[in-house]
Protein chains: 2
Amino acid sequence: MTLKKLDAQEQADALTTLKEWSLVDGREAIKRTLVFKDFNAAFGFMTRVALYADKADHHPEWFNVYNRVEITLATHDVQGLSVRDVNLAKFIDEIFKQ
Amino acid sequence: MTLKKLDAQEQADALTTLKEWSLVDGREAIKRTLVFKDFNAAFGFMTRVALYADKADHHPEWFNVYNRVEITLATHDVQGLSVRDVNLAKFIDEIFKQ
């Protein structure tokens, strides 16, 4: 499957669905910050995302300190956003709600 | 145990031992960047560090993208470096060598 960059309309549609995500300044990427009860909860979450990401061969850029996780998603191969970012963001939102 | 901030001499001694670490500009903190074979290896390493960190109740600030992990260590309670950072840095160096 050839991966395709989201066009402006598709990007706008995606952001309408992904209400917790916002565009990164100066980059075609989306970001979200998540706060957990403690490090154990934050890293447990990261581990679930890591398993998903490695299976999907689509990895986040992320920063963690204690109970906070800042995630940026973009698709290197298309130099912007693709459906892989949307899918990973949806997965993150879904498990964060749990 | 009261945690004590490393004084200038202790900090210099620690950095002599921790050859792969350097001081962060404008902060009393140390940093190291590690590169792995792939995401699986990088996240496996992060998991080992996470288990150590949570047991020691001393957590890193870290950023990961794919096979790269950038780690910053500092001790919030002393607003600088403490023996906990030195111990965590040594642990990181030890398992990275493996």
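**A walk through a two-chain model**

Start at Ala74(B), which lies in the loop between strand S4 (68-73) and helix H3 (83-97) of chain B. Helices (H or I, at least four residues) and strands (E, at least two) are DSSP runs, numbered from the N terminus. This is a predicted model: local features need pLDDT of at least 70, side-chain atom pairs count only at pLDDT 80 or more, and totals for chains, interfaces and linings use all residues. Residues are numbered from 1 along each chain as its sequence is written, chains are lettered from A and ligands numbered from 1 in the order in which they are written, and side-chain values use heavy atoms, with hydrogens and water left out.

Is Ala74(B) buried or exposed? Its relative accessibility is 16%, so Ala74(B) counts as buried. Buried means under 20% relative accessible area, exposed over 50%, and partly exposed in between (1.4 Å probe, protein chains only). Leave aside its neighbours within four places in sequence. Ala74(B) is then in contact with residues including Arg27(B), Glu28(B), Ala29(B) and His58(B). Contact means heavy atoms within 4.5 Å. Take His58(B): 16 residues separate it from Ala74(B) in sequence, and 9.1 Å in space, C-alpha to C-alpha.

Now move to the helices. Helix H2 (residues 39-56) of chain B packs with H3(B) at an angle of about 150°, and their axes are 11 Å apart. Axes are lines fitted to C-alpha atoms, for helices over the stretch in contact, and angles run from 0 to 180 degrees between N-to-C directions. The angle makes H2(B) roughly antiparallel to H3(B). Angles under 35 degrees count as roughly parallel, over 145 as roughly antiparallel, 65 to 115 as roughly perpendicular and the rest as oblique.

Which residues make the contact? H2(B) brings Phe45(B), Arg48(B), Val49(B) and Tyr52(B), while H3(B) brings Asn87(B), Leu88(B), Phe91(B), Ile92(B) and Ile95(B). By class, seven are nonpolar, one is polar and one is charged. Ala, Val, Leu, Ile, Met, Phe, Trp, Tyr, Cys and Pro count as nonpolar, Asp, Glu, Lys and Arg as charged, and the others, Gly among them, as polar.
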